[in-house]
Each structure stands twice: as C-alpha cells, then as structure tokens.
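Me: I am new to this structure. Please walk me through how to read it, one feature at a time.

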Amino acid sequence: MKIHEYQAKQIFSHYGIPIPKGRVASSADEAKQIAEELGGKVVIKAQVLVGGRGKAGGIRLAKHPNEARDLAAQILSMEIKGLPVRKILIDEAANIETEIYLGITNDRSARKPVMMSSAAGGVEIEEVARLTPEKIIKVHIDPLLGLRDYQARDVAAGIDLPREHWKSFIAIAHGLWQAYLDSDATLAEINPLVITSDERLLALDGKMLIDDNALFRHTDFAEMRDLDTEAPLETEARKYGLSYIKLEGDIGCLVNGAGLAMTTMDIIKLNHGEPANFLDIGGGASAEKVTAALKIILRDENVKAILLNVFGGITRCDEVAHGIVSALNEIKPNIPMVTRLVGTNAEEGREILASAQMMTAQTLVEAAQKAVMAAKGGIA
Amino acid sequence: MSILIDRETRLIVQGITGNEGIFHTRQMMSYGTNVVAGVTPGKGGEWVLDGKIPVFDSMKIAVEATGANTSIIFVPARFATDAVFEAADADISLIVCITEGIPVQDMMRVRGYLDQKQSRLVGPNCPGLLSPGKSKVGIIPGNISIPGNIGVVSRSGTLTYEVLYALKLNHLGVSTCVGIGGDPINGTDFIDVLSMFEGDPHTEKIVMIGEIGGNDEERAAEYISSKMTKPVVSFIAGQTAPPGKRMGHAGAIIEGGSGSAKDKIHALEEVGVKVAHHPEEIPHLL
C-alpha cells in the first residue's frame, strides 16, 4: 500500500528526520493561509500517488501568499495520470545546494533489507540504476542486527558526503531504518535529501510503501489507504477477501488460486481472447464469496463471457457450484458462461450445475477456447 | 525414493485444533502420513481425532515426547512467525508453513535466524509437500498424483494441482512435489529443491512451475545450466499480468521492469529448458 508524501514525511519527522516546515491543505484559501503562516516562498505539491508530478505541473513555487492561492487552485483542479488532486502540501521553499538519494527497500534475492544511496539525488533511482549503476551505494542490513553505525558511515563515505555532514546523515539513516522497521515498510525513501545553502540536511520529498500483509498491526495505516489509486471494483473485491484486478479484455475470469488465475488469463490470450480481469477467490471459497465474485465480474461492462475455472483441493467443487447457482438466481446474467470444475467433489459440482444450462469443459484449453468463442458471439 | 518427506517422516501439526488444522490432519493421516502429535498452546493434554493424536502446549514438549522430525504450521499469519521460531528451537529438521499473509519483514528475520540453524523451512504461503504413495505434509489433494520419477517444484498452489493432474492423466508419476510458496521471501527456493532432485536417484526429470515476480527463475536457470544433469521442463504463469500489480500472491509482481514472465522464459530457454505454453502441454515435453 502506498501512502502520500505528506504522510511519509510526518512519519520521518517522528523519527527525527528534518523535514521542511509545512502543512497539507485541500482548498486554495487554506493554501494561502498556510503560505502566510510560513512567510516567504513556498512550494505547492500535488498529493497524488503517481510518479512524474513535477513534469505534469503538480509542483509549483509561489513567491507570495496570493500566488500560492492561485497556484493551489490550479493544482487542485488537475488530474495527474488520471488521478484527481484532492490534497496539496504547502512546504517552505528550500535553497538547495546538493541533492542526495537515500532509501531502504527489501532485496528479494538477498532476503534482506538494503540501504541505497546516491549523490545523484532528485531523479528516480531506477533511472540512476539503469544509466549509472556505479553511482549507487548499497549496504545490506542484517534483519536481526539492524542498521549499524559503521554501515551508515560507509554509505556517507561511499557517496562522498563532506565529513561535516556525516553526523546528521548517520542520524537520518538511523531514523529512516527505524521508520522502515516500525511501519513494516517495503520501501522508505528520501529523494531528494538535500544540503541547503545554510548547510543543513533536509528531507524534501518522501515516499513509503507499506506491506499489505502487515496492516493487521498498523490499523492507522489501513485508514490512510487512498482509494483513488485503485479501481472501485478492486476496493469492493477486497472487502470480500477476493483478489481482483481489472484488465482491458472481455472475458471475465473466476478462478481459485493466484497461479491458476494467472494461467487462465494466459491461456485465454494464447487462444486469441482477452481476459477482462484477474480474480482469485482464494482457498476454501464459500458460496457467498463466489456470489460476490460473480457480481463484481458482471459489473464490468466490457465482459461478454465468463470463464469459471476451479480446481478443487481445499475448495470443494460442490460448494462452488452452489455458489454459482445462488448467484445466478440472484443476478440472472444474460451472458454466456463456461465452467470447468476439476478435483474434490467435481462430479457433484457438475451435477448441481447441470440444471443451470451452462457450457462445461474438461481441460483448460477447451475451457479457454469455448470462452473465447462465446465472447465473440459464436456460442458453441 | 523421494526428497524431504517419506515413510520416516514423524509429523507434528502446529495449530492442530483449528478448523484447517484438524481437517488437513485427517486428510494427511488417511493418506498414510505418520502424524505423531499436535501443538496448540493452552490445549495441552487433550486428544483429538478420535483420541488418536495427543495435543501438547509447546513444540519442545511435543518433540521430547514423540521424537518428531517434521512440523506443519496451520496457525494464523500473526502467530505463524512465532510458530516457525518455536519449531526451529525445538530442532525440527523440516518445517512446512502453509499460512498465507506473513509480513515480509517477519520473513526476513525468520530467514536470518534459520540460516544459523539446522532447520529447513518450506513456505510460507504454500501447499506443502507430497511424495505420492509415501507421505503427504500439506494440503495437496492426495488423489491427483501417482508415484513415479518426476520431481515437481512450484511457487503456486492450485496451479500445481493442475500440473500433477495433467501428469496423472498421462500416466506420469511423481517422486516428490514441493510447493515452495508464493511469498517474496521464503524458506526454500527453486535452487534448493533442484539440487535435492539432482541428488535423488529416483528422480529422473523435473518440472519447475514459476510465476512473475523476483528473479528466482532466472537464478534457477543459471543453476540448471551449470550444475544439473537431469532434464527440466518449466511453465511460467503471468504472461498477461500487467506490471506494478500484485497478482494475488504477495510475491507475484513485476517491479521496476524486472520479474516479467517473458524474461524468465527467455532465461530458461537460453539454457535449454523446455518451457510449456500451458500446463496441459507439460506431459508432452517430458
């Protein structure tokens, strides 16, 4: 889960990382008031969870409060990469001498957190990694020991940070590590971390991703979820414990298990069809879950056919079949459905569905072919 | 022969008194797995499954009483990490964690700790293991696979069942099937299992089922090319998955341009691994 810049910076500040004075606003008048309080030049920053805000005109400098109000009004009326700007951050403008990158993320291959830093801050770290990988200093952190002082010093030395800044840099590195740890982050990033003209280190921008699997111990974060960033159907699916991702095609997929759900999409494509979604009803899918899943699929207006593929293991096919029948009784869709039930109680499941007059398939390939044909209007 | 589990397996079920714990314990026992005990803190002294299986309060006591060498974990995500540490500290040699949804930082600490111990973890977020005709430690339906000489390793659950079933329909049997799980950080990876299959005299061919996310398949490809003599056939799920989206499994995500199915398939084909277009094609490539 992504959180906003202003939220990430508040967390950083809590761990002693210096951030610019500033506040978040949701109206132009509020922005003006904050600019007045701050005095001097301010930066107005759109709070949207996509990259490239600056290029899109979502970050602007205002010299006085009236200009802040006007620019705030402009930014608040924008959409950036399809996302409406609902909040803006008004920060005191900083005089920047140097821009540094400092971040911590999970290194999957090393199975450890890795601290990364670069003297080439202010640009996306992926860009630096691609063009000049030698400019990135990496230090793996032992998850049982935490970040050690010498490691933070190695990073400071590695990016040729002037010695007079080492002490504050090391304190910031420790703050970032603690923020990453306590928040169950998968990414905690300061970009840029700047040296100002009056020789202070300041975290101008912050980004944090939180591990969805850890939200049970961070109910405060769960409330921060910005629903603008996901399709409404994805939000609704989550309520039912379903994993749903909307795609562009016209064949709705309802599958148990993530790997099989991806495979079902792939086979549809292989047979010249386009999947409308990824949907995993999970293990032990109950009738209620299947009903909710079918309803969500049917709310996508592009869907012209549905492919239901269930391999019964823990999930029993007869239970899934009951779910389908009750969903059909309730919503009565008028689009073709192909079902494939294999595994535990598949026979019983097929008998339950026999009355429902739908196409059935034995193999994966057959199921995909029938669904593709059905979506194209040529019902087999 | 088989790897990791066989008739010598003496199993403790952690979280045996929960719904899933009891259901799958019954399934494993009817398959022939030697379940020697269960552990549920606070329920020590009880007996479950018609009085056949004793329940203990802790792993330490359960291991002392039964001489178990393997454990399987069915406890909820917030308690599962502790269950792994407890099993490792009781010197269990194989710990299988079925639980889905363990925070990734917990898993990094688990890996850091287990790397200093003798215990091996399989999972989390996995269907466990099946050595057809011998032992089942997990939730893979027993009737979809027959004994044979093919080793199967997979990051997925139901997709693995699909492959086992396709093999069975073609009269192809399996030595051991290992579900390593769909999380970004797990206890056992492809290379660990490939090397065990390479060393197992009764495994002649291997099926490796990967999916998008991370670079485990790419590293496996390097390993296959430099260390393996046995043929490997693969399938990679998620060719149509959009980047930046987590496809159900916590680990199934294309990030920063890496982890795509295309890259993985390319890496495997480069080293001579046959990659199937879909699971039902796998038996014909073996």
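Me: Which elements of chain A have the lowest and the highest mean pLDDT?
Reply: Keep in mind that this is a predicted model. Confidence can be read element by element. In chain A, helix 4 (residues 125-131) has the lowest mean pLDDT, 81. Helix 6 (residues 166-182) of chain A has the highest, 98.

Me: What is the mean pLDDT of chain A as a whole?
Reply: The mean is 92. Of the residues in chain A, 98% reach 70 or more.

Me: How many helices and strands does chain A have?
Reply: Count the elements to get a first outline. Chain A has 13 helices and 19 strands. Its C-alpha atoms fill a box of roughly 80 × 50 × 35 Å, taken along the principal axes.

Me: Into which domains is chain A divided?
Reply: There are three entries to note: domain 1 covers 21-92, domain 2 covers 96-222 and domain 3 covers 231-375.

Me: What share of the residues in chain A is buried?
Reply: Chain A has 380 residues, and 48% of them are buried.

Me: Let us zoom in on one residue. Where is B:Val233 found?
Reply: Look at strand 13 of chain B, residues 232-237. B:Val233 is part of that strand.

Me: Why does B:Val233 count as buried?
Reply: Burial is judged by counting neighbours. The cut-off is 20 or more other C-beta atoms within 10 Å. B:Val233 counts as buried because it has 22 C-beta neighbours inside 10 Å.

Me: Which residues does B:Val233 touch, not counting residues up to four places away in sequence?
Reply: The list is B:Val207, B:Val273, B:Lys274, B:Ala276, B:Ile282, B:Leu285 and B:Leu286. Sequence and space can also be set side by side. B:Val233 and B:Val271 are 38 residues apart in sequence, and their C-alpha atoms are 11 Å apart in space.

Me: How many residues of chain B are in contact with chain A?
Reply: An interface has two sides, and each gets its own count. Here 47 residues of chain B meet 44 residues of chain A. On the chain B side, helix 3 (77-89), helix 4 (104-114) and helix 5 (158-169) each supply at least two residues. Helix 4 of chain B gives the largest share, seven residues. By class, this side of chain B has 22 nonpolar, 17 polar and eight charged residues.

Note on methods:
Residues are numbered from 1 along each chain as its sequence is written. Chains are lettered from A and ligands numbered from 1 in the order in which they are written. This is a predicted model: local features need pLDDT of at least 70, side-chain atom pairs count only at pLDDT 80 or more; totals for chains, interfaces and linings use all residues. Domain bounds come from an automatic or database domain assignment. Helices (H or I, at least four residues) and strands (E, at least two) are DSSP runs, numbered from the N terminus. A residue is buried if 20 or more other C-beta atoms lie within 10 Å of its own, exposed if 12 or fewer, and partly exposed in between; C-beta atoms are placed from the backbone. Two residues are in contact if their C-beta atoms, placed from the backbone, lie within 7 Å. pLDDT is the predictor's confidence in each residue, from 0 to 100. Ala, Val, Leu, Ile, Met, Phe, Trp, Tyr, Cys and Pro count as nonpolar, Asp, Glu, Lys and Arg as charged, and the others, Gly among them, as polar.
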